[in-house]
Amino acid sequence: GCVDAAPAMSLQTAMPAGISSGAPRRATTTMMGNKGAGGPFAPLVVVTRNIVGEKDFNKLRGKAISLHSQVIKDFGKLLGVDNKQVQGVIRLAKKNGEKLGFLA
């Protein structure tokens, strides 16, 4: 059979410098303010903060976070989970709170 002797060109060598391949690029966005500003509970959090006032709201939220962390610690202790894993669960709870909008 006949074999094509032409060398294969890579995408980089086939595209002149400065020409895009047409692949979409993601715009990098920087979130200002609180990380949880977009979750499903964010509107409720914002309304509550506006009604109660920021200072009292932050105290209340701090108490709620502290209680939740203590529940996680107590549950981990009950199950015999080591402290490093418990701290990982607390970090995960914080990330989930951000995603859900509790930290808006």
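At 38% relative accessibility, F102 counts as partly exposed (buried means under 20% relative accessible area, exposed over 50%, partly exposed in between, with a 1.4 Å probe and protein chains only). The model is a predicted one, in which local features need pLDDT of at least 70 and side-chain atom pairs count only at pLDDT 80 or more, while totals for chains, interfaces and linings use all residues. Residues are numbered from 1 along each chain as its sequence is written, and side-chain values use heavy atoms, with hydrogens and water left out.

The protein has four helices and zero strands, where helices (H or I, at least four residues) and strands (E, at least two) are DSSP runs numbered from the N terminus. From the N terminus on, the order of elements is α-α-α-α. Of the 104 residues in the protein, 16% are buried. The accessible surface of the protein amounts to about 9000 Å², and carbon and sulfur atoms account for 61% of this area; accessible areas come from the Shrake-Rupley method with a 1.4 Å probe, and for residues only the protein chains shown count as cover. Contact denotes heavy atoms within 4.5 Å. Among contacts between residues at least 6 apart in sequence, 59% join residues at least 24 apart.

F102 lies in the segment after α4 and takes part in an aromatic pair with F41. A pair of aromatic rings is described by the distance of the centres and the angle of the planes. Rings of Phe, Tyr and Trp (its six-membered ring) pair if their centres lie within 6.5 Å; planes under 30 degrees apart count as stacked, over 60 as edge-to-face and the rest as tilted. By this rule the structure has one aromatic pair. The ring centres of F41 and F102 are 4.6 Å apart and the planes stand at 15 degrees, so the pair is stacked. The pair links distant parts of the chain, with F41 in the loop between α1 (11-14) and α2 (42-52) and F102 in the segment after α4 (83-100), 61 residues apart. F41, at 35% relative accessibility, is partly exposed. F41 and F102 also belong, together with L44 and L100, to a nonpolar surface patch of about 360 Å². Patches are made of residues with over 30% relative accessible area and no salt bridge, like charges being joined within 9 Å and nonpolar side chains (Val, Leu, Ile, Met, Phe, Trp, Tyr) within 5 Å.

Helix α3 covers residues 54-79. The expected span of a helix is 1.5 Å times one less than its number of residues. The buried residues of α3 are F57, R61, S69, I72 and G76, and they pack against α2 and α4. Just after α3, G80 adopts a positive phi of about 80 degrees.

Side chains of opposite charge can pair when their charged atoms come close. A salt bridge is counted for a side-chain nitrogen of Lys or Arg within 4 Å of a carboxyl oxygen of Asp or Glu, and a search of the whole structure finds two. In one, the side chains of D56 and K59 meet at 4.0 Å, N to O. Both residues lie in helix α3, three residues apart, about one turn of the helix. D56 is partly exposed with a relative accessible area of 41%, and K59 is partly exposed with 48%. In the other, the closest N and O atoms of K94 and E98 are 3.8 Å apart. K94 and E98 are four residues apart in helix α4, and are therefore separated by about one helical turn. E98 is buried, with a relative accessible area of 15%.

Further positions relate the helices to other parts of the chain. A93 is found in helix α4 and is partly exposed, with a relative accessible area of 23%. Leaving aside neighbours within four places in sequence, A93 is in contact with H68 and I72. The C-alpha atoms of A93 and I72 are separated by 9.2 Å, at 21 residues apart along the chain. Q85, also placed in helix α4, is partly exposed at 48% relative accessibility. Q85 and K73 are twelve residues apart in sequence, with a C-alpha to C-alpha distance of 9.9 Å. R49, in helix α2, is buried with a relative accessible area of 17%. The C-alpha atoms of R49 and A104 are 9.5 Å apart, the two residues being 55 residues apart along the chain.
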